[in-house]
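I opened this notebook to record what I looked up in the model. The entries follow the order in which I consulted the coordinates.

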Amino acid sequence: MKKLAIGIDIGGINTAFGLVDENGDLYADSVVSTKKFPLFTDYPAYVAELTESLHALADSLSFEYELVGIGIGAPNANYHTGVIEHPANLWKFPVGETNPDESRRMFPLVDDIKKAFPGVECRMTNDANAATIGEMIYGNAKGMKDFIMITLGTGLGSGFVANGEMIYGHDGFAGEFGHVIAVRGGRQCGCGRRGCPETYVSATGIKRTVFELMATMTEPSELRDIPFANFDAAMVSTAASHGDPIALEAFRITGELLGYALADAVTITSPEAIFLFGGETIRGFIFALLCGVAIGTYSSWFIATPLSFDLMPESIKNKGKE
Ligand SMILES: [Zn+2]
């Protein structure tokens, strides 16, 4: 009998899921809204809708198969415990919450899914780690034992593979490249630290950089007429492709910062490759960053060994819907 697994990708807007075989071929897929359940108290209703939709998906195939497992990628997911721990953009406390204690925002999704699918193996990991494992099994990292995955989007995620294994660390949260300190005393980050790469090298970060540059540079720019609320990272890519001086400077600063931070990561882990991963909307953004990354990385130690290191775009299609 055919063996299939369910893969689930939890994003801030939607939760996408599909039935796949061991070759990564997709047999059926569907989506539920995550955004419809924004509050802390909405979590049980979210689980109910998700598990009901998963059962509907599992029952939708016309042939018999064995459901061998369920795998989940989610923000702030702890691989060891199966709990989503105080995620920044999911199931938040309502405004005016009398007890906004972050330690209460722990969502045991693996246990909740297991209750709906008794006897089926269920594992969950951080979304960037899931992208890393995908690249390792189906993508360009096949056969590699040491590589770094960087996922660019609203935030900056990462996954580190050493000796052929994901690095989880003792608490399940190792390899958080987005939260090393790249700029001492720099921008305030949602994690509580200052100067994290995520506050610069992300869709939100580049937006902050552009607005800082507009205050300090006098050059004309097509970005000056766009109100902050309507602004997105894709507009910076478009402006850069027109040679806009502020957009180009924003990419230079962002790419260089990413490059220097990656040079440190390379020094520590000695990877065969670094993969930059992102959805269609930030593809232009990724390629524009590569020049800056090259400046940062190649100007440091491994200019002596440039062939031991390679930058590749992500090779597997991102089926997640943000
Ligand atoms: Zn941070």
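**Entry 1**

I noted the conventions. The model is predicted: local features need pLDDT of at least 70 and side-chain atom pairs count only at pLDDT 80 or more, while totals for chains, interfaces and linings use all residues. Residues are numbered from 1 along each chain as its sequence is written. Helices (H or I, at least four residues) and strands (E, at least two) are DSSP runs, numbered from the N terminus. Two strands count as paired if DSSP finds at least two bridges between them.

**Entry 1: pairing and the hairpin**

I then examined individual pairs. Strand S1 (residues 2–10) pairs with strand S2 (residues 14–20) in the antiparallel sense over six bridges. Within this pair, Ile10 has Thr15 of S2 as its bridge partner. S2 and S3 also run antiparallel, joined by seven bridges, and Gly18 has its bridge partner in S3 at Asp29. The hairpin of S2 and S3 has five residues between the strands, and there Gly24 takes a positive phi near 85°.

**Entry 2: helices on the sheet**

Contact requires C-beta atoms, placed from the backbone, within 7 Å.

**Entry 3: Val236**

I located Val236 in helix H5 (residues 233–241). Is Val236 buried or exposed? Val236 counts as buried because it has 27 C-beta neighbours inside 10 Å; the cut-offs are 20 or more other C-beta atoms within 10 Å for buried, 12 or fewer for exposed, and partly exposed in between. Beyond its neighbours within four places in sequence, Val236 contacts Ile206, Val210, Leu223, Ala247 and Ala250. The C-alpha atoms of Val236 and Leu223 are 7.6 Å apart, at a separation of 13 residues in sequence.

Notes. Contact = placed C-beta atoms within 7 Å.
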